[in-house]
Structures are given as structure tokens and as C-alpha cells.
Amino acid sequence: MNRRIVFLWSLLSFAVVSGSRAQNGFRREWAVGASGGVNFSSVGFSPKVQEDMLMGYQSGLTLRWITEKNLGLQVELNFKQQGWKENFDELNVPEGTNYRFQRRMNYVELPFMTHIYFGGNRTRFFVNLGPQIGFLLNEHTEENLNGAAPQNINEQHTMLADKRIEWGIGGGAGLEFRTLIGYFLLEGRYYYALSDFYNTRHQDVFTKASSQVISVRLTCLIPLQ
């Protein structure tokens, strides 16, 4: 069902934008540029694992096509760090123990976004929304547990991802400042994975293991027309 929702959203976005007509006095616009920012990620585990947000970084390339007033398409190719950081403060651990565990997962992702904007020639408010797919490049663990098992579930400490392909839906909002040297966009975005990176069958350790990412990003676009 989730795959059908993402597919239908993509198809609808493409149909709306591609089939739209340019309004009188409106000029279509292509722009290309780069982005960078910071991520705060966690994982929705079931059974639950006590977590804090893990900070990571992202950077990438952006291609945007404004097809009519207030509407366009935006495609990105990004490198993104995400994962989870465990919180042992509320657990029954030995006094004076400072356990630490975090898993950092590096992805290449391709978001396909509908771009909606409002405003004038200098400043705009915008919303981006759409599906995205990612590929896991590698993962790295930092920990000092030394074999300890402080969580109710601890198998994740030694388990690597079973699936390298991740897909989900993301959305964000922000402000765009349009200058003579280019367009500068400051955006906050939320991503929710509709897939799991661990196997989640009935006999597996987890029945859910999906990523959630909050990001703040700055994009600089150069118009091509």
C-alpha cells in the first residue's frame, strides 16, 4: 500500500506540472545549484529502543524547473548521514557507567519533489513535498559497551543493515531570497522512511526499523535562463 501511495503521488505531481499551461506574462525557469546542511535522525524501532537524536551532515546537487506561477518540480542528488544514538540514562546501568552507542549510516538519496511557492520577485515562501529513494553506502558504529547489554533489546548493537535500498516521503518549508547573483533557499525538512533497513518478518528481532530525519539546509541556485 505504501508503495502505491508514493507511486501515485509521483505520477500526480508529474501530470500536474507537465500538463500545466503557462500564464500570461509568466516565464518558465530552470535553475541548478548545490545544498548543504545538518541532519538530526532517529530510528523507529519496534520493540522500542531508548534513543536520542544523532547529528549528521548532508550535501548535494539540486535541479529545479518552475513550470508555471506558484508550481514547479525539484530533483536532488544528495549525500546524507543518518542513523541513531542510544540513550542509557533511564536504564538500569551500573552507577558511574557512561555507556555510549551510535550507528551512523551514509546514504546517497534521490528526492523527487513538488515545489510550491508564494511571493514576489525578491522573497518567496515555499513548500517542497514528494517521495525519495536512497542507497546505503556504508555504516559505522561508535560504542564503548564492551559486550554489555543495557537495553531491553540489544541485538542491534551487532546487526548490520539487511537492506541497502530505502524509500519514503519527505516534505519541508522555507524562504527563498532572490538576488542578482543567484537564489538562496533556507529550508527545514522532515523525512519519514516507509521501508525498514532490517528484516522485519515475524521471526526477526524487530518488526519495524525505519528512519526519521529532521534537517536544516541551505541551497544556492543559479538560474539557467
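Visitor: Which residues does W84 touch, leaving out those up to four places away in sequence?

Guide: Leaving those out, W84 touches S42, V43, F45, E51, L54, F101, Q102, R103, M105, Q156, F197 and Y198. Contact here means heavy atoms within 4.5 Å. The model is a predicted one, in which local features need pLDDT of at least 70 and side-chain atom pairs count only at pLDDT 80 or more, while totals for chains, interfaces and linings use all residues. Residues are numbered from 1 along each chain as its sequence is written, and side-chain values use heavy atoms, with hydrogens and water left out.

Visitor: Is W84 buried or exposed?

Guide: W84 counts as buried, because its relative accessibility is 0%. Buried means under 20% relative accessible area, exposed means over 50%, and partly exposed lies in between, with a 1.4 Å probe and protein chains only.

Visitor: What about F101, buried or exposed?

Guide: F101 has 1% relative accessibility, so F101 counts as buried.

Visitor: How are the rings of W84 and F101 placed?

Guide: Their centres are 6.2 Å apart and their planes stand at 40°, so the pair is tilted. Rings of Phe, Tyr and Trp (its six-membered ring) pair if their centres lie within 6.5 Å; planes under 30 degrees apart count as stacked, over 60 as edge-to-face and the rest as tilted. This pair links distant parts of the chain: W84 belongs to strand β4 (residues 71-86) and F101 to strand β5, 17 residues apart.

Visitor: How many aromatic pairs are there in the structure?

Guide: The structure holds 9 aromatic pairs. One aromatic cluster is formed by F45, W84, F101, F197, Y198 and F206.

Visitor: And the largest nonpolar core, which residues have the most contacts inside it?

Guide: Those are F45, W84, M105, F197, Y198 and F206, in a core of 18 residues. A nonpolar core is a set of buried Ala, Val, Leu, Ile, Met, Phe, Trp, Tyr and Cys residues joined through side-chain atoms within 4.5 Å. The elements giving two or more residues to this core are β1 (29-46) and β5 (101-119). The largest share, 3 residues, comes from β5. There is also a second, separate core of 7 residues, which includes A31, I66, Y117 and L221.

Visitor: Changing topic, how many helices and strands does the chain have?

Guide: The chain has 1 helix and 9 strands. Helices (H or I, at least four residues) and strands (E, at least two) are DSSP runs, numbered from the N terminus. From the N terminus on, the order is α-β-β-β-β-β-β-β-β-β.

Visitor: What share of the chain is buried?

Guide: Buried residues make up 44% of the 225 residues. Among contacts between residues at least 6 apart in sequence, 73% join residues at least 24 apart.

Visitor: Which residues line the largest cavity?

Guide: The lining consists of N39, Q58, N78, K80, E109, Q132, R189, Y190, Y191, V213, S215 and R217. At least two lining residues each come from β4, β8 (182-193) and β9 (208-223). On a 1 Å grid over the protein atoms alone, a cavity is a set of points where a 1.4 Å probe fits but cannot get out, and lining residues have an atom within 4 Å of a point.

Visitor: What is its volume?

Guide: The largest cavity has a volume of about 80 Å³. A volume is the space filled by probe spheres set on the grid points, which are joined across faces, edges and corners.

Visitor: Where does the charged end of K80 sit?

Guide: The charged end of K80 sits over the ring of Y191, 4.3 Å from its centre. Such a placement requires NZ of Lys or CZ of Arg within 6 Å of the ring centre and within 35 degrees of the ring normal. R178 likewise lies over the face of Y183, at 3.9 Å from the ring centre.

Visitor: And the backbone: which peptide bond is cis?

Guide: The bond from S46 to P47 is cis, with omega near 5°. P47 is in the loop between β1 and β2 (51-52).

Visitor: What is the phi of N70?

Guide: Phi of N70 is near 80°, a positive value in a residue other than glycine. Most residues other than glycine have a negative phi. N70 is in the loop between β3 (54-68) and β4.

Definitions and conventions
On a 1 Å grid over the protein atoms alone, a cavity is a set of points where a 1.4 Å probe fits but cannot get out, and a pocket is an open set with protein on both sides within 12 Å along at least five of seven lines; lining residues have an atom within 4 Å of a point.
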